[in-house]
Amino acid sequence: MLKSLKLHEVGLVPELNASFGERLNIITGDNGLGKSFLLDVCFWTLTGTWPGGRMAMPDINSTEPTIACEIQSRTKSVPREAKYDFRTQSWTRQRGRPPMPGLVIYAGVDGSFAVWDPARNYWRDLNAAKDGDQWPRAFQFPPEGSCEYEEAGSGSDSGTIRNDVANGLEEWGRVLCNGLIADWVEWYYRRTDSMNEVPAFQYLENVISILSHPLEPLQCGEPRKVFLDDSRKFPTLKMPYGTVPYPQWSAGVKRVVNFAYLLVWAWVEHLQAASLRKEEPTERVVLIVDEMEAHLHPKWQRTILPAILSVVESFGANIDVQVFAATHSPLVLASAEPWFDETRDKLFCFNLQNPAGENATVTFDNLPWAVHGDMVGWLTSGIFGLEQARSREAERAIEAAEAFMRGATGELPAGLTTPEEITRELQRLLPGMDPFWPRWIVQVMR
């Protein structure tokens with residue numbers, strides 16, 4: 001697991017220092033300030049693989065960019081440091097076998113995934129010298145329907161990573177993952193097989209049930225043929241309004257189920273690999289999730305983060321899970337209030353300082369946890385920075401009304417300089433039961 005991270009001259013924050021929570025780390029901030037970048041770096045420090053080939057590129061004016069971290073392995077805490085070599089345009093790391101952080105799973109906001117398995121990836125590169133740089137690459141799943149990509153800086157002989165979660169993953173002629181479509185069908189028909197030691201389909205049903213909304217549960221259905229010209233059977237979901245096959249799932253449902261499948265696939269493969277190697281399965285899982293609320297209805301956003309935290313527990317007892325979750329959703333943060341534990345969890349925020357000035361800077365802050373009560377409280381907190389949870393036009397009208405009430409007539413904008421103009425604008429923008437009306441009526445319109 002990742003205990004700490006220090007970035008020097010890498011990214012928008014000149015000196016980023018973070019000591020992470022052992023269970024949950026929520027990362028917020030405006031667009032373009034570094035949330036996804038930080039998740040990419042976290043995955044790389046743990047696995048040695050840049051997800052999607054997105055290697056961190058320091059600014060050309062940097063002098064000595066470094067990435068330092070502390071990883072908790074099975075037996076001890078291990079410090080690591082990498083320096084950027086401008087000549088080779090690559091990061092140079094300490095050589096030798098890396099510490100084993102546990103099973104690491106990254107769910108990208110674009111629908112891509114990356115998985116690093118200590119039982120499969122740790123000894124995966126058969127051609128690596130035992131005393132050489134032995135950071136075997138993680139399994140990577142590009143977004144569905146995307147072009148193939150290669151590991152950044154790996155060269156043409158590294159093997160192309162192709163396919164996606166639905167159709168599987170092949171590399172160097174080896175089938176690394178059968179894919180959701182094939183595995184679902186096999187697991188479904190083998191679910192009563194006494195020889196199937198790992199109950200994969202039961203895991204899948206449990207995880208999908210946990211991740212779906214309690215009032216709109218997703219139930220795994222029997223596979224069925226969908227297309228005339230495709231001989232495969234496809235997964236189906238029993239939804240409140242009927243049974244829907246995989247090709248017709250919505251973007252939100254597909255992302256949730258793809259995530260559920262990757263979790264189950266990674267865990268089942270890990271158990272089987274550990275058994276073949278005659279070693280104990282890992283007791284540590286790191287989940288890195290970028291905007292899991294994407295495509296989800298607000299009522300699903302309110303349940304998804306607690307579900308992610310509890311989903312690994314369905315695999316068995318004595319598993320420690322560490323989650324890194326980037327989010328833009330005030331509902332996600334509100335949903336964390338009942339169980340956020342300041343001794344194990346942390347809240348971080350990227351902030352843009354002096355945005356209108358010439359010397360704008362980005363900071364990365366570990367914020368104290370505070371209960372704001374609801375979505376509106378979070379929207380108007382320092383995390384999201386809105387003055388009011390309204391349209392910009394309604395906010396402008398209320399600000400004009402407040403300026404008029406305190407006698408600051410010089411601050412009134414054009415078109416909102418009289419009580420009549422302000423009232424007409426308020427009537428246009430605010431509902432009749434808005435809590436601002438009593439103040440305006442009592443002080444101005446009486």
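User: Which elements each supply at least two residues of the lining of the second largest pocket?
Analyst: This is a predicted model, to begin with. The elements are strand β1 (2-8), helix α5 (298-311) and strand β16 (320-326). The largest share of that lining comes from β16, with 3 residues.

User: What volume does the second largest pocket have?
Analyst: Its volume is about 380 Å³. It is lined by 17 residues, and the closest to the centre are Met1, Glu22, Arg23, Asp320 and Val321.

User: How do the lining residues of that pocket divide into nonpolar, polar and charged?
Analyst: The lining of the second largest pocket has 7 charged, 6 nonpolar and 4 polar residues.

User: You mentioned Arg23. Which residue forms a salt bridge with Arg23?
Analyst: Asp345 does, and the closest N and O atoms of the pair are 2.5 Å apart.

User: Changing topic: how many cavities of 30 Å³ or more does a search of the whole structure find?
Analyst: The search finds 6 of them. The second largest cavity has a volume of about 70 Å³.

User: Which residues line the second largest cavity?
Analyst: The lining is made of Val289, Met292, Glu293, Ile304, Leu305, Ile308, Ala325, Ala326, Thr327 and Val332. By class, 8 are nonpolar, 1 is polar and 1 is charged.

User: Which element gives the most to that cavity lining?
Analyst: Helix α5 does, with 3 residues. Both α5 and β16 supply at least two residues each to the lining of this cavity. These two elements also each supply at least two residues to the lining of the second largest pocket.

User: Now helices. At what angle do α3 and α5 pack?
Analyst: The angle between α3 and α5 is about 140°, and their axes are 8 Å apart. On the α3 side the contact has Val207, Ile210 and Leu211, which meet Trp300, Ile304, Ala307, Ile308, Ser310 and Val311 of α5. That contact has 8 nonpolar residues, 1 polar and no charged.

User: What about α3 and α4, how far apart are their axes?
Analyst: The axes of α3 (residues 200-211) and α4 (residues 251-276) are 9 Å apart, at an angle of about 145°. The crossing is right-handed. Among the residues in contact are Tyr203, Leu204 and Ile208 of α3, and Phe259, Leu263 and Trp267 of α4.

User: Last pair: is the crossing of α8 and α9 left-handed or right-handed?
Analyst: α8 passes α9 in a left-handed crossing. Helix α8 (residues 392-405) packs on helix α9 (residues 419-429) at about 145°, with the axes 10 Å apart. Residues making the contact include Glu393, Ala397 and Phe404 of α8, along with Ile422, Glu425 and Leu429 of α9.

User: How does the contact of α8 with α9 divide by class?
Analyst: It has 10 nonpolar residues, no polar ones and 2 charged.

How values were computed
Residues numbered from 1 in each chain as written. Predicted model: local features only at pLDDT ≥ 70, side-chain atom pairs only at ≥ 80, totals over all residues. Heavy atoms only, no water. 1 Å grid on protein atoms, 1.4 Å probe; cavity = no way out; pocket = protein on both sides within 12 Å on 5 of 7 lines; lining within 4 Å. Points joined across faces, edges and corners; volume = space filled by probe spheres on them. Helix = DSSP H or I, 4+ residues; strand = E, 2+ residues; numbered from the N terminus. Nonpolar A, V, L, I, M, F, W, Y, C, P; charged D, E, K, R; others polar. Axes fitted to C-alpha atoms, helices over the stretch in contact; angles between N-to-C directions. Left-handed = near helix turned anticlockwise from the far one by under 90°. Contact = heavy atoms within 4.5 Å. Salt bridge = Lys/Arg side-chain N within 4 Å of Asp/Glu carboxyl O.
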